[in-house]
Amino acid sequence: MRKKERVLNVIEILKNKFGHPECALKYKTPFELLVAVILSAQCTDIRVNIVTEEMYKIVNTPKQFAEMPIEDIENLVRSTGFYRNKAKNIKLCSQKLIEKFGGEVPRKMDELIELAGVGRKTANVVRGEIWRLADGITVDTHVKRLTNLIGIVKESDVLKIEKILMKIVPKEYWIDFSHYLILQGRDKCIARRPKCSECEIKSYCIYGNMGS
């Protein structure tokens with residue numbers, strides 16, 4: 001079966017299963033989402049939501065973060081891991097938003113990736129979630145793992161994976177495709193104990209059919 005055909009079948013199954021998926025990170029403004037995604041690197045969404053729920057009661061705007069001592073930001077985000085680097089990026093990002101974008105999160109991909117701590121993955125998440133705009137496909141650890149297991153790609157580099165996916169995933173699914181794989185990764189294709197026998201997309205997964 002061709003990769004594109006396999007992808008279309010996977011999309012159809014997961015679309016029926018998950019419907020219209022939403023971002024697991026909790027936020028009220030584009031900036032709150034941007035900060036949450038920065039914090040989500042090497043951290044679970046559950047932990048990020050716990051941290052931001054309390055943090056946003058204290059500070060939740062670019063101006064507030066830009067003026068806050070870096071040590072205070074570090075203390076607020078400490079439990080998300082790599083807290084020094086994340087705190088530095090949040091502060092620098094906030095300063096840049098004020099200096100160049102009037103304190104507003106820009107919509108354009110090339111402007112978003114100018115911000116500290118923001119790469120293509122973060123920009124794709126923010127653009128897709130806030131404005132339903134897609135210049136690419138978000139490739140996180142779940143998407144990287146599942147696309148390799150399914151047999152859609154044989155790559156470890158996330159940028160290469162994104163380029164391959166953009167050629168075979170219909171553009172109208174560029175946003176939801178990542179959500180589908182993330183949700184399936186949490187539900188059935190769990191890294192340490194995949195439930196292949198229960199997986200709805202097993203028929204289209206090379207790994208799921210190994211030894212069958």
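A cavity here is a set of points, on a 1 Å grid over the protein atoms alone, where a 1.4 Å probe fits but cannot get out. Grid points are joined across faces, edges and corners, and a volume is the space filled by probe spheres set on the points.

**Entry 1: ground rules.** I am looking at a predicted model, in which local features need pLDDT of at least 70 and side-chain atom pairs count only at pLDDT 80 or more, while totals for chains, interfaces and linings use all residues. Residues are numbered from 1 along each chain as its sequence is written, and side-chain values use heavy atoms, with hydrogens and water left out.

**Entry 2: the cavity.** I looked up how many cavities of 30 Å³ or more there are, and I found one. The largest cavity holds about 120 Å³ of space. I counted 15 residues in its lining, where a lining residue has an atom within 4 Å of a point. Nearest the centre of this cavity lie Cys189, Cys196, Cys199, Ile201 and Cys205. Helix H9 (residues 141-150) gives the largest share of the lining, three residues. A note on names: helices are DSSP runs (H or I, at least four residues), numbered from the N terminus.

**Entry 3: the pocket.** Next I turned to pockets, a pocket being an open set of points with protein on both sides within 12 Å along at least five of seven lines. The largest pocket has a volume of about 1,200 Å³. Its lining takes in 48 residues, and Ser40, Cys43, Asp45, Lys121 and Asp140 lie nearest its centre. Which helix gives the most to this lining? I found that H11 does, with eight residues. H2, H3, H6, H8, H9 and H11 each supply at least two residues of the lining.

**Entry 4: Lys121.** I picked Lys121 from the pocket's central residues and placed it in helix H8. Lys121 is partly exposed, with a relative accessible area of 32%; the scale I use is buried under 20%, exposed over 50% and partly exposed in between, with a 1.4 Å probe and protein chains only. Setting aside residues up to four places away in sequence, I see Lys121 in contact (heavy atoms within 4.5 Å) with Thr138, Val139 and Asp140. I also checked Lys121 against Lys188: their C-alpha atoms are separated by 23 Å, and the two are 67 residues apart along the chain.

**Entry 5: salt bridges.** How many salt bridges does the structure hold? I found twelve, taking a salt bridge as a side-chain nitrogen of Lys or Arg within 4 Å of a carboxyl oxygen of Asp or Glu. Side chains of opposite charge can pair when their charged atoms come close.

Asp45, another residue from the pocket's centre, forms a salt bridge with Arg186 at 2.6 Å, N to O. Arg186 lies in helix H11 (residues 174-187) and Asp45 in helix H3 (residues 45-58), so this pair ties together parts that are 141 residues apart in sequence. Arg186 is partly exposed at 39% relative accessibility, whereas Asp45 is buried at 16%.

I then noted Glu162 and Arg120, whose side chains meet in a salt bridge of 2.8 Å, N to O. Glu162 sits in helix H10 (residues 158-168) and Arg120 in helix H8 (residues 120-131), so the pair ties together parts 42 residues apart in sequence. Glu162 is buried, with a relative accessible area of 4%, and Arg120 is partly exposed, with 28%.

Lys188 pairs with Asp187, their closest N and O atoms being 3.5 Å apart. Both belong to a network of salt bridges that links Lys17, Asp187, Lys188 and Glu200.

**Entry 6: Thr80.** I found Thr80 in the loop between helix H5 (70-77) and helix H6 (83-101). Is Thr80 buried or exposed? At 3% relative accessibility, Thr80 counts as buried. A polar atom of its side chain lies 2.8 Å from the backbone oxygen of Val77. Beyond residues up to four places away in sequence, Thr80 touches several residues, including Leu39, Cys43 and Arg47.

**Entry 7: the cores.** Last, I looked up nonpolar cores, each a set of buried Ala, Val, Leu, Ile, Met, Phe, Trp, Tyr and Cys residues joined through side-chain atoms within 4.5 Å. The largest has 34 residues, of which Leu34, Val35, Met55, Phe65, Leu97, Val105 and Leu115 touch the most other members. H2 supplies the largest share of this core, eight residues. A second, separate core has 27 residues, among them Ile11, Leu14, Ile137 and Phe177.

How values were computed
A polar contact is a pair of N or O atoms within 3.5 Å; within protein, one must be able to donate a hydrogen and the other to accept it, and residues adjacent in sequence count only if both atoms are side-chain atoms.
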